[in-house]
Amino acid sequence: MILDTQLLYGLVGIFLFSLGLSSAFASSALLRRILAINVAGAGLFLLLIAVAYRGPEINPDPLPHALVLTGIVVAFSATALALALVKRLRETDDD
Amino acid sequence: MTDSLVWSIALPLSGAILSVLLPRAANGIGLASVLGSLAAALAVIWTVADQGPLTYAIGGWTPGLGIALRADGLSALLLLLSALVAVAASVYATAYFRQAEQRQRFWTLWLLLLSALHALFLAADLFNLYVTLELLGLSAAALTALSGQREALEAALRYLLLGLLGSLAFLAGVALLYTGYGSLDISTLTHRLSPGLTGWSAAALMTSGLLIKTALFPLHFWLPPAHANAPAPVSAILSALVVKAAFYLVLRLWLEPFASLSTPELVQMLGVLGAIAVIWGSWQALQAERLKLLAAYSTLAQIGYLFLFLPLILETSDETLRHAALGGLLLMALTHGLAKSALFLAAGVVQQHAGHDRIAELRGTAQALPATTFTLALAGVALIGLPPSGAFLGKWQLIAGALQAELWWMLGVVLAGSLLAAGYVFRLLGHAFGQARYPARSLSIGRQEIPALGLGLAATLLLGLFSAPVWSLLAGLAPAGGLNP
Amino acid sequence: MSFDAWLPALIVLSSLLPGVLIFTLREGSHRLRTSLNLGGALLKLLLVGIMIWGVFHEHVYESRWSLAPGLDLVLHADALSVLFVSLSTLLWLVTTVYAIGYLETSPHRSRFFGFFSLCVTATVGLALAGNLFTFVIFYELLTLATYPLVAHRGTPEAIRGARIYLKYTLSGGVLLLFGVIWLQVLAGPIAFVQGGILSDLPAELHPQLGWIFLLMILGLGVKAAIVPLHGWLPQAMVAPAPVSALLHAVAVVKAGAFGIVRVVYDVYGVEFAAELGLLTSLGLAAAVTIVYGSVRALSQDNLKKRLAYSTVSQVSYIALGTAILGPIATIGGVVHLVHQGVMKITLFFAAGNYAETLGIHKVSEMDGVGRRMPGTTLAFSIGALGMIGVPPVAGFVSKWYLGLGAVEAGLASWVLPVLVASSLLNAAYFLPILYRAWFRTSASDWPHEQIPARRLETHGSLLWPPVMTALLALAAGLFAAAPYSPLEWAELIAAREYRQ
């Protein structure tokens with residue numbers, strides 16, 4: 001049961017990662033690509049959390065959690081920068 | 001002396017923060033912090049040469065949860081290169097940016113990028129590497145967009161998104177390695193890793209992520225627009241250092257944790273991609289109409305040369321050949337770092353002076369800007385690989401290694417690449433030497449011309465004549481076949 | 001380190017440092033630039049004098065600097081290098097005086113003299129090179145330092161000539177580099193040792209040694225202007241006269257010829273090279289070049305181009321002497337290294353004087369020029385007669401030894417006809433010039449008279465250099481048997497080469 005939960009999370013993580021990655025390559029719309037990269041990132045974080053899980057009794061491995069937290073911060077700033085660039089691009093189009 | 005490891009990262013980082021708080025003093029803060037980090041880098045290399053590899057656990061936390069820094073000959077040399085180029089480009093930047101607002105933004109992002117770069121060279125575990133890669137990518141993309149022009153914004157966005165994809169792939173590989181081997185520490189992994197699905201998938205993900213970032217053919221398409229549209233000092237550091245940081249990781253990973261996974265076919269393939277990059281990049285540079293685009297394409301070719309070395313280093317049991325080739329590789333990388341930054345800085349001067357950088361319309365440059373033209377020539381000599389540049393010694397090792405390993409195709413690549421490089425360099429110089437009605441000027445002492453000239457001289461004379469320590473610093477680094485028994 | 005270990009490096013630095021300083025000078029600082037130029041040239045002459053004395057007294061001069069594992073920069077003095085260094089140093093001094101006069105009023109003098117000094121530095125460096133690695137470094141440096149000199153005027157023709165020059169020399173340089181690295185992979189670092197060092201290699205490597213020889217000779221043949229690799233030389237004539245003089249008499253073509261001598265004598269060893277059957281093709285290529293260059297020179301009306309094709313022809317005498325097995329031919333080839341340099345530089349100086357003083361660029365404009373410029377024309381005549389091989393000028397000595405050497409080696413059947421044909425052709429393209437200059441009267445005004453005749457026919461710094469070098473060419477022939485003469489050094493070199 002434990003194993004199944006972990007496996008489920010892990011597989012969903014991998015699925016989201018691949019989905020995001022393929023759509024990031026496939027689509028040309030900027031906003032879509034930014035979102036796709038975020039989806040891929042979320043899938044990866046899910047996978048890392050699944051890896052950290054060691055059963056209900058035992059504390060989960062703290063290291064992947066630390067990684068995910070850092071990763072979220074990084075992904076957040078990267079998304080912010082990308083959106084800011086898109087906005088500037090739109091503004092130059094309007095001029 | 002292990003403190004100097006921290007200082008080389010902490011000084012630019014605190015400079016970045018200070019430059020936000022005290023925007024008026026940004027020039028001074030920036031210069032002080034890059035000079036400080038140069039001193040730290042010198043201390044690092046001095047200590048490594050004297051006592052061997054250094055490690056340092058920040059705050060006393062044990063590796064695993066804490067952050068560990070490590071410096072051996074390879075990372076110390078690249079750290080020094082980075083600090084040196086940073087000083088020259090910073091001096092240049094104090095005169096380059098004319099708008100106060102742009103200058104202040106530049107300094108903050110610039111110092112942030114520099115501390116990420118230094119942290120990357122010194123990181124001892126894979127997760128820190130991921131973080132530094134991301135920081136590097138973010139600050140580099142933001143710097144590319146600095147001019148705010150449409151082409152720059154587009155190039156920056158493409159650069160950012162591809163960089164993100166690359167680091168995601170890297171992170172996925174890191175996650176796999178942690179799942180499979182329970183550690184992120186590079187040296188621990190080097191001992192634990194064995195051939196298998198987990199290892200191979202991780203290696204494939206991480207390497208392809210890094211190949212995007214180092215712009216190896218055919219993943220290079222984002223580089224020319226990004227490097228050609230950024231402000232000159234930014235292009236200098238992007239082309240000289242940032243792509244090389246990703247290459248450094250490829251080298252480090254395959255020398256250490258992935259050494260047991262390497263197969264002749266795989267390494268040969270990387271070498272062949274490098275060969276295509278050499279020819280393709282040089283050919284595009286020969287066709288380029290703008291100076292900065294020429295410089296950017298030449299970077300593609302130079303990255304190709306670095307990959308060309310890999311078959312000689314990773315798939316040989318001959319320790320002497322391996323050591324010679326590793327030194328040659330490093331020397332090529334160092335020379336290119338200095339020469340390419342010199343080229344971009346000089347291109348910036350040409351652009352500001354002439355108002356454009358169209359190669360065919362540069363006649364008279366040699367009369368109006370003798371020092372800058374000389375810089376272009378020095379950088380060109382280093383890019384072709386002619387003596388007395390460090391790249392000459394590097395290419396010598398490449399050719400000698402290819403002859404010893406009987407990789408004949410490599411000789412053709414080096415021959416064609418060198419002649420094409422001579423073609424694009426002397427096409428540029430031919431136009432620059434053309435006579436025009438400019439007032440003749442003697443050597444002009446400028447805050448922009450001098451640092452560029454200094455870098456050019458370092459790439460040719462310094463690395464050409466005083467590079468013997470490179471080999472002694474690399475001695476004992478990762479013996480053949482990895483560290484695995 | 002002792003003085004002996006520093007002397008070769010100092011000789012190289014004595015033109016490098018002034019050159020670097022000159023780059024930084026303002027256009028107007030004429031006096032400082034001139035003192036740096038002449039000071040460097042005189043200092044070099046003094047240092048070379050010490051070296052000649054020392055080599056004669058069996059001092060060992062060697063500067064060594066490690067660049068990488070197995071790659072040492074070595075500067076070393078032996079009899080052959082002393083010969084070439086003395087030639088370069090002496091002619092540098094003379095050419096500097098000439099160039100100061102010639103470029104008096106033209107722009108970019110700092111750049112010109114800076115690269116000029118670098119060019120001499122590279123020449124001296126390759127003369128003193130103690131191993132193939134060092135030779136290759138200075139050989140490439142020479143290419144780089146001469147490019148801006150050829151492109152100096154910045155006109156489209158100059159840029160074009162410089163580009164052609166580069167295409168040839170850089171391609172040649174790459175071939176040489178590949179050959180040298182290949183050889184080094186087979187045999188380790190290749191130091192120059194009289195008699196060669198390769199004869200000990202196992203026989204199964206001999207075919208590879210043949211290919212390597214071909215690569216290296218092709219690479220060196222570009223600068224030595226061996227047909228069909230000579231195409232750059234006439235194009236490079238767009239350079240200012242002092243550059244043409246230096247390029248064609250000393251630096252570039254001699255670098256190629258000197259390299260061939262080094263490879264045959266001090267890397268392969270002439271006897272081993274003959275044993276591998278490598279010398280015959282080299283000799284044939286040289287013979288073809290000798291005749292071809294002379295034939296092409298016949299039809300050139302442009303004076304400098306005629307001299308350029310003459311150079312193509314004359315430089316191959318050195319390769320020919322090298323390709324003939326036997327001490328006498330060796331003497332002829334090696335001594336021609338010096339003799340051709342002194343004579344050809346005289347001719348180029350004179351051609352520059354005609355152009356600068358009277359605007360004469362073509363042979364057909366030279367009618368009666370002997371009366372207007374007797375000193376220059378006398379110098380030109382001595383050089384031309386020497387080229388033809390008329391005694392007692394130096395060229396006669398070279399041809400004499402080459403001919404004798406061919407007889408000694410049993411190759412008289414084809415070498416002697418080549419020598420005779422070439423001398424007849426030399427006469428056919430030089431004597432008409434002398435006839436025009438001395439015996440025809442000038443038809444009208446000179447094309448573009450820029451320097452009026454006062455006490456002297458032209459500026460003193462333009463007149464004295466050709467007169468000096470003409471006297472040297474005469475002296476080298478008249479006093480060929482005197483101690484320290486070029487011939488004596490060549491005999492010393494030949495004696496050591498064949499001692500084994």
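Helices and strands in this tour are DSSP runs, a helix having at least four residues, and they are numbered from the N terminus. The model is a predicted one.

**Stop 1: a cis bond in chain C.** Select the loop between helix H16 (374–388) and helix H17 (394–409) of chain C, where Pro392(C) is placed. The peptide bond that joins Pro391(C) and Pro392(C) is cis, with omega about 5°.

**Stop 2: a cis bond in chain B.** Turn to chain B and select the loop between helix H8 (197–214) and helix H9 (223–229), which holds Pro218(B). Phe217(B) and Pro218(B) are joined by a cis peptide bond, with omega about 0°. Most peptide bonds are trans.

**Stop 3: positive phi in chain C.** Select Glu58(C), in the loop between helix H2 (30–56) and strand E1 (62–68) of chain C. Its phi is positive, near 60°. Glu58(C) counts as exposed because 6 other C-beta atoms lie within 10 Å, the limit for an exposed residue being 12 or fewer. Next select Ala225(C), in the loop between helix H7 (206–223) and helix H8 (232–235) of chain C. Ala225(C) also has a positive phi, near 60°.

**Stop 4: chain B against chain A.** Here 25 residues of chain B are in contact with 26 residues of chain A. On the chain B side, helix H5 (126–144) and helix H6 (150–181) are the elements that give two or more residues. Select H6(B) to see the largest share, 15 residues. This side of chain B has 19 nonpolar, three polar and three charged residues.

**Stop 5: chain B against chain C.** This contact takes 30 residues from chain B and 31 residues from chain C. The elements of chain B that give two or more residues are helix H13 (319–354), helix H15 (370–384), helix H16 (390–405), helix H17 (408–433) and helix H19 (468–474). H17(B) gives the most, with eight residues. The chain B side has 22 nonpolar, eight polar and no charged residues.

**Stop 6: within chain B.** Colour chain B by its assigned domains: domain 1 (1–122), domain 2 (125–261) and domain 3 (268–476 + 478–482). The C-alpha centres of domain 1 and domain 3 of chain B are 25 Å apart. Their contact takes 15 residues from domain 1 and 17 residues from domain 3. Helix H2 (26–51) and helix H3 (73–96) of chain B each supply at least two residues of the domain 1 side, and the largest share, 13 residues, comes from H3(B). By class, the domain 1 side has 13 nonpolar, two polar and no charged residues.

Definitions and conventions: Residues numbered from 1 in each chain as written. Chains lettered and ligands numbered in written order. Predicted model: local features only at pLDDT ≥ 70, side-chain atom pairs only at ≥ 80, totals over all residues. Contact = placed C-beta atoms within 7 Å. Nonpolar A, V, L, I, M, F, W, Y, C, P; charged D, E, K, R; others polar. Domains from an automatic or database assignment. Buried ≥ 20, exposed ≤ 12 C-beta atoms within 10 Å, placed from the backbone.
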